[in-house]
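I opened the model to look up a few local features. My notes are below the structure.

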Amino acid sequence: MNYYEYLARHYSQLSQQTRRHFLGRCGLGLGAIALSAINGATNTSQAEDPSTRPLSPKSPPLPARAKHVIYLHMAGSPSQLELFDYKPELNKYSGKDCPKEYLEGKRFAFIKGVPKMLGPMFQFQQYGQSGQWLSELLPNLSKCVDDIAFIRSMTTDQFNHAPAQLLVHTGQSRLGYPSIGAWTTYGLGSENEDLPGFVVLLSGGKTPDAGKSLWGSGFLPSVYQGVQCRTTGDPVFYLSNPAGIDRGLRRDMLSTLRDMNQEQYARLGDPETMTRIEQYELAYRMQISVPEVMDLSRETQQTLDMYGAQPGFVSRAESEVDPRVFYQGNDPTFANNCLLARRLVESGVRFVQIYDWGWDHHGSSPGESIDETLPIKCQQIDRAVAGLITDLKQRGLLDSTLVVWGGEFGRTPMSQNNVRDTPTKGFFGRDHHPYAYTMFLAGGGIRGGVSFGQTDPIGYYVAENAVTPRDLQATLLHLLGFDPYRFGVEYQGLFNRLIGPTDEGRVIRDILT
């Protein structure tokens, strides 16, 4: 017996005696517990064979109106008062001291003392047959308002970026929980075995404040986490074969790894082993499928113009340029990502998450003002979002694809004053505002031309039909064919759900078809 045979024999003996492997063998390991809970939560009548492909397509337990989701998150949170929530009454108080009732007992991220009220800085007009109020900064989106449901009464209990983003995307304001995309791919799988079920695209030069936890899988198997794709270079890091390794040799290596992992699964019964096999195999298939679906040059010039996309554009990181120059209006990265999102859902990807950084307009430093930077950011996204909705509709995909747009909270009706009491050109800004903001949805079972909820005359509080992140999450799950109250897994002694442990989340039925 050589040294390696000795190690193999003793490892086999010891692995059967450790607590981890004992629990794994008797079906009580954490992965097995999660898998069995998941199978029960999705109302499957028979336990799923864990040796099958984790991302195989699954039918939802209830009738679904949406099969795919494209979620557009504007990281930093855009000002609803300059874009969607028309408040002419606010102009009457602009420049005056904020009334004390809006300050007493309140916590702000940056506002100090008594700030000045700040009226809307751009013009509004009514558009479409539904007469939706929209800012002059969104001329292309204004043509799509009859396909959109605006929720003008969003509210949250978080006023800092990272916890607010986590609450929106994972249902909790702390780390360690599955994202919406992970829950979706867990419950529905993917329609294309050669592509990830959940893809993440970034623009704006930075990752959101909460980082990659926003597309993590938490306590669900890691195969359901989002796969971040880049628009330049290799779409996925380390996807290409290393020097000296051709595709045939890579196949031989993966086949050997698969056989070893299957042997380990047969011995230990750990479902995460099957996740590992799937991830290796998916990466191999992605070497062919991902470059093809990410190739925007396959699109017609008419389609590229619809989005404002530019194939092959190389975006620089924000740290590489002066912040006053970085927000150049001709950066097509977000537009490219919107077009990629359409190509991905068209190819069977279940959930596409786009994060666009640069919407935190405090007005306290160059490159983050409402009066100068917000119009540039709107220029970067306006045509692309309108193009995405229009393109999906023309291709017959909008009925089955849910499009969501929004940030993590809103902006205050007061001017931020922590740097200067009286703002000057290029330094007008608003602080974080959790009490009221706007989001919108289109497609996938959403009734267009709807304005749901409203705020008070100055846009400080929700006055009618408040909507929380949990309400939004419950609505998304409902549209995808899940009961948001039953869809979850047992973890650490609690039945964990996207909408949280209580039943406060409600489906917003007034915006549904």
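**Ground rules.** This is a predicted model: local features need pLDDT of at least 70, side-chain atom pairs count only at pLDDT 80 or more, and totals for chains, interfaces and linings use all residues. Residues are numbered from 1 along each chain as its sequence is written, and side-chain values use heavy atoms, with hydrogens and water left out.

**Sheet.** I traced an open sheet of eight strands with mixed pairing, in the order β6-β5-β7-β1-β8-β11-β4-β12. Its edge strands, β6 (227-228) and β12 (450-452), each pair on one side only. Strands are DSSP runs of E, at least two residues; helices are runs of H or I, at least four; both are numbered from the N terminus. Two strands pair if DSSP finds at least two bridges between them. I then checked β1 against β7 (residues 351-357): they pair in the parallel sense over seven bridges. Ile 70 stands opposite Val 352 in β7.

**His 73.** I found His 73 in strand β1. It counts as buried, at 0% relative accessibility (buried is under 20% relative accessible area, exposed over 50%, partly exposed in between; 1.4 Å probe, protein chains only). The His 73 side chain makes a polar contact of 2.8 Å with the side chain of Glu 408. A polar contact is a pair of N or O atoms within 3.5 Å; within protein, one must be able to donate a hydrogen and the other to accept it, and residues adjacent in sequence count only if both atoms are side-chain atoms. Leaving aside neighbours within four places in sequence, I listed the contacts of His 73 (heavy atoms within 4.5 Å); among them are Gln 165, His 169, Tyr 355 and Asp 356.

**Positive phi.** Which residues other than glycine did I look up here? Ser 77 has phi near 80 degrees, and Asn 465 has about 60 degrees. Ser 77 sits in the loop between β1 (68-75) and α4 (80-83), and is buried at 0% relative accessibility. Asn 465 lies in the loop between β14 (462-464) and α14 (469-479). Asn 465 is partly exposed, with a relative accessible area of 36%.

**Cavity lining.** I looked up what lines the second largest cavity: the residues include Pro 78, Leu 83, Phe 409 and Tyr 437. A cavity is a set of points on a 1 Å grid over the protein atoms alone where a 1.4 Å probe fits but cannot get out; lining residues have an atom within 4 Å of a point. α4 and β11 (437-442) each supply at least two of the lining residues.

Terms used: 1 Å grid on protein atoms, 1.4 Å probe; cavity = no way out; pocket = protein on both sides within 12 Å on 5 of 7 lines; lining within 4 Å.
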